[in-house]
Amino acid sequence: MARLLIVGGFLAAIFWVYSIVDCAVQPPTRHRGVPKAAWIAIVVFIPVIGGILWFTLGRRRANDNGGAITILAPDDDPQFLRSISKSEQDARIRRLEEELARLEDETDDGTAADGTAPDTRP
């Protein structure tokens, strides 16, 4: 039984130190809930439970951005749409309509309706 307590205490100490180091080296943007200093204090003063709390509640995962960054397509981005002029918008719409009409004219065998190969240039 004494060996089990010694091994358990040793593993708890390793986990405690690992939790402190992990909490300290993470950038402040990867901490959830409270500031970085508070998480370090929690992990230091509540050894095993603080580490468990840090890994389950406090540490933000690499793929978890917390909704801070959203990527919009240019057509959905109001700032981009405001930045282009009306004539550029009309020209872009015209190009897209021409390409759509060309695609609709193509037959299933890959040739255009008039028997010529489709234009594959962008």
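Predicted model: local features only at pLDDT ≥ 70, side-chain atom pairs only at ≥ 80, totals over all residues.

Reader: How many salt bridges does a search of the whole structure find?

Author: Side chains of opposite charge can pair when their charged atoms come close. For the whole structure, the search gives a total of two.

Reader: How many residues apart in sequence are the parts that the pair of D22 and R59 ties together?

Author: D22 belongs to helix α1, residues 2-25, whereas R59 is in the loop between α3 (47-58) and α4 (78-83). The pair therefore links parts whose separation in sequence, in residues, is 37.

Reader: Is D22 buried or exposed?

Author: A residue counts as buried when its relative accessible area is under 20%. The value for D22 is 7%, so D22 is classed as buried.

Reader: Which helix holds both E99 and R102?

Author: E99 is partly exposed at 41% relative accessible area, and R102 is partly exposed at 27%. The two residues are three residues apart, about one turn of the helix, and the helix that holds them, residues 86-105, is α5.

Reader: Are α1 and α2 roughly parallel or roughly antiparallel to each other?

Author: The axes of α1 and α2, the latter spanning residues 36-45, come within 9 Å and cross at roughly 175°. Angles over 145 degrees count as roughly antiparallel. The relation of α1 to α2 is therefore roughly antiparallel.

Reader: How many residues of the contact of α1 with α2 are nonpolar?

Author: On the side of α1, the contact is made by W16, S19, I20, C23 and A24. On the side of α2, K36, W39, I40, V43 and V44 take part. Among the residues of this contact, one is polar and one is charged, while the number of nonpolar residues is eight.

Reader: How far apart in space are F15 and P47, C-alpha to C-alpha?

Author: F15 lies in helix α1 and is partly exposed, at 27% relative accessibility. Not counting residues up to four places away in sequence, F15 touches V48, G51, I52 and F55. F15 and P47 are 32 residues apart in sequence, and their C-alpha to C-alpha distance is 8.6 Å.

Key:
Residues numbered from 1 in each chain as written. Heavy atoms only, no water. Salt bridge = Lys/Arg side-chain N within 4 Å of Asp/Glu carboxyl O. Helix = DSSP H or I, 4+ residues; strand = E, 2+ residues; numbered from the N terminus. Buried < 20%, exposed > 50% of the residue type's maximum accessible area, 1.4 Å probe, protein only. Axes fitted to C-alpha atoms, helices over the stretch in contact; angles between N-to-C directions. Parallel < 35°, antiparallel > 145°, perpendicular 65-115°, else oblique. Contact = heavy atoms within 4.5 Å. Nonpolar A, V, L, I, M, F, W, Y, C, P; charged D, E, K, R; others polar.
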